[in-house]
Amino acid sequence: MENKKTKGISLFALLAIIISGAIGGGVFNLANDLANGSTPGGVMISWLFIGFGIFMLVLSFNRLITIRPKLSGVSDYAREGFGDFIGFLSGWGYWISAWTGTIGFAVLMMTSADYFFPGKFANSNGSLTVLSVIIVSIISWILMFLVDRGVETAALVNAVVMIAKLIPLVVFSITGIILFKADVFTQHFWQTFTSNLAADGSVKSLVWHAMTAGGLLDQIKGSLMVMVWVFVGIEGAAMMGNRAKKKSDTAKATIIGLAVLLVIYVLLSLLPYGYMDQASLANVKAPGLVYILNEMVGGWGGSLMAIGLMISLLGAWLSWTMLPVEATQQLAEQKLLPSWFGKLNKYHAPSNSLLITQLMIQIFIIITYFVANAYNVFIYMATAVIMICYALVGAYLLKIGIKEGSIKNILIGFFTFAFQVLALYLSGWQYVWLAMILYTIGFILFIKVKKESRQAISVKEWAGMFIVALLGVLAILVLICGAKSGTALDLRGLLGY
């Protein structure tokens, strides 16, 4: 019989953690991001693929919470399964992902403000203006000082943010359903319905390679990073499993949460195809839902969406300010980073980690002035790096399954690992390559803490650091010297140079 706690997080509260954590700024830009490379049919197939992969991920978290309850956090799973070096890569990667994600929030917030004052806060190529760089720098430092005083979990802020997220999304969904035009939606479903159907309605042909925006595989590749990004945070309930009233509630909340999020995301990504043709939708300015709702109902709709988005982003930014320092604090506790990173101030906040993280954020906020399409660049990097962390979660469960002879754990772990690796290969490896520069910086600290704790660095660890550092140096050289435009090695083109 399952042990019930008199106190703990309820099923509804666990569900709220998932929905609140996963619905961030990305959903407000989902439709036009997808339209850049996918038709409605391609988006629907992509959701099936992504939905399966994310479902396997949440099942992996649920299984590990149950069978390894003493472990917590992605780096803990990686360290327990594959040693200190892989644990460090996972934790440091989670740190990189979290603070690059906050920069994505900052960029999207200022492009939302640009709706009210066109040209003042964002440039036409998606980079931020000098004014925006100054404003988001000030906001970022204020949020850092607030978190340093221990106010990151304020219930009032979370309540306001939740309402701010849901109201405009519900308004958009209802409006999109009312104004939905089937002929517009089917016009470019695969390529052009009229060319695929005979006069009597029978299928003449379905030429997959001639679909708008490329073939089916190209459309899935173009959708992967955008779709995975909006699910970052889906692990929230699983990570809170030890505090749940009932362990079984964790699995229930995660599965229900995934279903709810899929419904929301599918509606918000497909309904705009029933109002605008793909070409028009792809050319909508970011954040897409702001300008699409403005087109649907007029200025009040765009204003409602823009205000709701800015409040939502500010709240999410506050919450995410603590995510990267939680990763570094955990690494310090595991003696994978110097103890300096884990020191707490009188408010029980890790001030040192906050300061280092904030300095990195400040440097990259300045870079947003030079990077075209800055929002996508930073959220793609955040997504690509966290997918490595997710892959290691699957790999650890797979290892446990093989060791214990559990077919269930083997299958869930394998599909989780395979999905994340395949998704990275198809769409995100260039961003991981760029992140190798930041991983290499972390090795200095990894070597330092090993010496401090008088632990020997193994040959495999030295080899791993050498390979990653070499890739990091090559990335720097390609950024400086450039590569042939349009090729896979063109990192400068990736950043809009």
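Select helix 4 (residues 74-82) and helix 5 (residues 84-113). Their axes come within 7 Å and cross at roughly 165°. Axes here are lines fitted to C-alpha atoms, for helices over the stretch in contact, with angles from 0 to 180 degrees between N-to-C directions. Helix 4 is therefore roughly antiparallel to helix 5. The cut-offs are under 35 degrees for roughly parallel, over 145 for roughly antiparallel, 65 to 115 for roughly perpendicular, and oblique for the rest. The crossing is right-handed, meaning that the near helix is turned clockwise from the far one by less than a right angle.

Before moving on, note that this is a predicted model, where local features need pLDDT of at least 70, side-chain atom pairs count only at pLDDT 80 or more, and totals for chains, interfaces and linings use all residues. Residues are numbered from 1 along each chain as its sequence is written, and side-chain values use heavy atoms, leaving out hydrogens and water. Helices are DSSP runs of H or I with at least four residues, numbered from the N terminus.

Now show side chains at the contact. Helix 4 brings Val-74, Ser-75, Ala-78, Arg-79 and Phe-82. Helix 5 brings Asp-84, Ile-86, Gly-87, Ser-90, Gly-91 and Tyr-94. Contact means heavy atoms within 4.5 Å.

**Stop two: a charged trio**

Select Arg-79, Asp-84 and Lys-450. They are linked in a network of salt bridges. A salt bridge puts a side-chain nitrogen of Lys or Arg within 4 Å of a carboxyl oxygen of Asp or Glu. The closest N and O atoms are 3.2 Å apart for Asp-84 and Arg-79, and 2.9 Å apart for Lys-450 and Asp-84. Lys-450 sits in helix 18 and Asp-84 in helix 5, so this pair ties together parts 366 residues apart in sequence. Which members of the Lys-450 and Asp-84 pair are buried? Both are. Buried means under 20% relative accessible area, exposed over 50%, and partly exposed in between, using a 1.4 Å probe and protein chains only. Arg-79 is partly exposed, at 29%.

**Stop three: Phe-446**

Stay in helix 18 (residues 407-452) and pick Phe-446. Its relative accessible area is 0%, so Phe-446 is buried. What does Phe-446 touch, beyond residues up to four places away in sequence? The list is Asp-84, Phe-85, Phe-88, Leu-336, Glu-461 and Met-465. Met-465 is 19 residues away in sequence, and the two C-alpha atoms are 9.9 Å apart.

**Stop four: another salt bridge**

The whole structure has 5 salt bridges. One joins Arg-68 to Glu-404, with closest N and O atoms 3.4 Å apart. Arg-68 is in the loop between helix 3 and helix 4, while Glu-404 is in helix 17, 336 residues away. Arg-68 is partly exposed at 25%. Glu-404 is also partly exposed, at 48%.

**Stop five: the core**

Select Trp-99, Trp-229, Phe-231, Tyr-265 and Tyr-439. They touch the most other members of the largest nonpolar core, which has 150 residues. Such a core is a set of buried Ala, Val, Leu, Ile, Met, Phe, Trp, Tyr and Cys residues joined through side-chain atoms within 4.5 Å. Helix 17 (residues 374-404) gives the most to this core, with 18 residues. Zoom in on Trp-99. Its contacts beyond four places in sequence include Pro-324, Thr-357, Met-360 and Leu-438.

**Last stop: helix 14**

Select residues 288-297. In this helix, 7 of the 10 residues are buried, so helix 14 is largely enclosed by the rest of the structure. Among them are Gly-288, Tyr-291 and Met-296. Just after the helix, Gly-298 takes a positive phi of about 105°.

Terms used:
Helix = DSSP H or I, 4+ residues; strand = E, 2+ residues; numbered from the N terminus.
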